[in-house]
Amino acid sequence: MSALLSALTNILGTDDLIIEEGACSDAAHDIFRSHPAFSAIIIPDDVAALQACVKICAQHKTPIFMRGGGTSYTSAYAPLSSGGVMVDTARLNRILDIDLNAMTVTLEPGVTWAHLHTALRDKGVRTPFWGTYSGLTATIGGSLSQHAISLGTALWETSSQSVIGLEIIDGLGNLFSTDSADSGFFRTHGPDITGLFLGDCGTLGIKTRITLKLLKAPSHVGAVSFAFPNFDAMRQACQSVAQRAIASDILGLDPEIQKGFLGALTTKSSLAAARAILSTTSDVISACGALLRAATATRDYSRGDDFVAHFTVEGWSRSETSAKSATIRTLIGTTGAEISNAAPLALRGNPFLPLAPIAPLKGGRWLPTHGVFSYRDINRFHIAFEAWRAKNQAEFDALGLTMTRMFVPIGAQAFVYEPTFYWPDSLTPAQTRLALAEHLAKVPLNEANDNVRQRIFDWRLELTRLMGAYGAQHFQLGKFYPYRATKSAQALAVLDTIKARVDPHNILNPGALV
């Protein structure tokens, strides 16, 4: 290790190499749990320095773990044993080229979705999938390594669908491109080599350059929101709209999250919703209509007993967005009750939210889990989930644990079901690093709750197995969600052959893709 650190210092200097024990220990704590400490954190500011560091780590057979925004809850960038080196991509954050003729943007992996959106906005373009709600901190490199959903997902599906090509450093320190040798503008040319390095949890290579598709950003935005008496009615509405590619964003919420997070909507945030309309269109009529409807928002979002779905539509005129909204109303009919659309409009006006939920105001910790289901299986899973929760509810109550759920359609084929646990516990280093200081000042401090934390881990594992029984797949695989058990022996043999070629010493995020 001494020889390794000396070699890394020669490349980076002392400012870009962190070996302080506390910092290396804190960096190995993801949202949920602690892990063995890193031996060092490197913060390269260019690809050449990173490539030289990888070559040194390969010579010493030292594991390398890439961290983007650091919001993993599946041990994605965390080591399973001590002695590894973490790569912080904070300084690899440059947008390298915006080509409005080829309609591509090329950037480094540490660029956040919010940074990219701001850089593209004045040029009237954006990527098809254009970010996660955590895009203030979530990096594009991390999102592509784990797959990501949120903004644009109902229409454009996951982050991976917007990728054209990558530049990769392999486990020996070799640098190569997955797209065209001269000018990457089109991905579907023969076998999809780029796709191999998407969703790989950083096990096949380190992303150093990313090229994404661009499209003209729609000039008008609209939204409709509905409350539904039960999950199945909400699911049917989401499915019907997603199958017709009408809405760019669809977000479903259960009664618990509706009360807890949207029930506090005020006139002030309703005014923000109207400003959001004005920021995307000069249509004053729509903005005034949003203001009038927002007056009922607090009442609507405090209904408490209903599932809710928000549908955001885009277009090139008020008549286009109005027609799409009208079509959604017709599809839903009397199965849902229309409520204020202030929330989705406010979210569109401010799509990248501070990570306040990461440190709940009641204090404690937050842990999501999710499954990606086919529509043919989702209702059966929902029934099984409700039975599972009912079986455990008494213990949940005794331990002070609460749960919420979000639902996100992905195109016409898939539906994300995401329960989230909240419980009293001490704050983690990741929570204090990612949440805003003014938010943390309002959060009460709890004692460490190791026993409950272990019980939460057991429940999460139990719930993930229940999801698997109904055909669930997952994003953010990290070192938790199952991967190998879902693939055939022949497919795994191909993957293992590629892994042996690009990372013969198994130093790239060992332990991931289990």
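Reader: Which helix supplies the largest share of the lining of the second largest cavity?
Author: A cavity is a set of points on a 1 Å grid over the protein atoms alone where a 1.4 Å probe fits but cannot get out; lining residues have an atom within 4 Å of a point. Helices (H or I, at least four residues) and strands (E, at least two) are DSSP runs, numbered from the N terminus. Four of the lining residues come from a helix spanning residues 113–121, which is α4.

Reader: What pLDDT must side-chain atom pairs have to count?
Author: Residues are numbered from 1 along each chain as its sequence is written, and side-chain values use heavy atoms, with hydrogens and water left out. The model is predicted, so totals for chains, interfaces and linings use all residues, local features need pLDDT of at least 70, and side-chain atom pairs need pLDDT 80 or more.

Reader: How many cavities of 30 Å³ or more are there, and what is the volume of the largest?
Author: The search covers the whole structure and returns two. A volume is the space filled by probe spheres set on the grid points, which are joined across faces, edges and corners. The second largest cavity comes to about 40 Å³. For the largest cavity the volume is about 60 Å³.

Reader: Which strand gives most to the lining of the largest cavity?
Author: The lining includes Tyr-133, Ile-149, Ser-150, Asp-249, Ile-250 and Leu-251. Three elements each supply at least two residues: α6 (153–156), β13 (249–253) and β18 (402–410). The largest share is three residues, and it comes from β13.

Reader: β13 also sits in a sheet. Which residue of β14 is the bridge partner of Ile-250?
Author: Two strands pair if DSSP finds at least two bridges between them. β13 and β14 run antiparallel, joined by five bridges. Ile-250, which also lines the largest cavity, is bridged in β14 to Phe-311.

Reader: And which strand do nine bridges join to β14?
Author: The two strands run antiparallel. One of the bridges sets His-220 against Gly-315 of β14. The strand covers residues 220–228 and is β12.

Reader: How many of the residues of strand β14 are buried?
Author: Buried means under 20% relative accessible area (1.4 Å probe, protein chains only). In a regular strand the side chains alternate between the two faces of the sheet. Here Phe-307, Ala-309, Phe-311, Val-313 and Gly-315 point one way, Val-308, His-310, Thr-312 and Glu-314 the other, and all are buried. The strand (residues 307–315) is therefore largely enclosed by the rest of the structure, its buried count being nine of the nine.

Reader: Which residue in β19 stands opposite Pro-368?
Author: Pro-368 belongs to strand β16 (residues 365–368), where it points the same way as Trp-366, while Arg-365 and Leu-367 point the other way; all are buried. β16 runs antiparallel to β19, with four bridges. Opposite Pro-368 is Thr-420.

Reader: Why does the pair of Phe-407 and Tyr-417 get its class, and what is that class?
Author: Rings of Phe, Tyr and Trp (its six-membered ring) pair if their centres lie within 6.5 Å; planes under 30 degrees apart count as stacked, over 60 as edge-to-face and the rest as tilted. The whole structure holds 27 aromatic pairs. In this one the centres are 5.0 Å apart and the planes stand at 75 degrees, so the class is edge-to-face.

Reader: How far apart are the C-alpha atoms of Ile-31 and Thr-428?
Author: Ile-31 is in the loop between α2 (21–26) and β2 (40–42). Its relative accessible area is 1%, so Ile-31 is buried. Along the chain, 397 residues separate Ile-31 from Thr-428, yet the C-alpha separation is 6.9 Å.

Reader: β2 is in an open sheet of four strands. What is the strand order, and which strands stand at the edges?
Author: The order is β1-β2-β4-β3, and the pairing is mixed. Two strands have a single partner each, so one side of each is left without a neighbour in the sheet: β1 (17–18) and β3 (64–67).

Reader: Which residue of β4 is the bridge partner of Phe-65?
Author: β3 pairs with strand β4 (residues 85–88) in the parallel sense, over four bridges. Phe-65 is bridged in β4 to Met-86.

Conventions. On a 1 Å grid over the protein atoms alone, a cavity is a set of points where a 1.4 Å probe fits but cannot get out, and a pocket is an open set with protein on both sides within 12 Å along at least five of seven lines; lining residues have an atom within 4 Å of a point. Buried means under 20% relative accessible area, exposed over 50%, partly exposed in between (1.4 Å probe, protein chains only).
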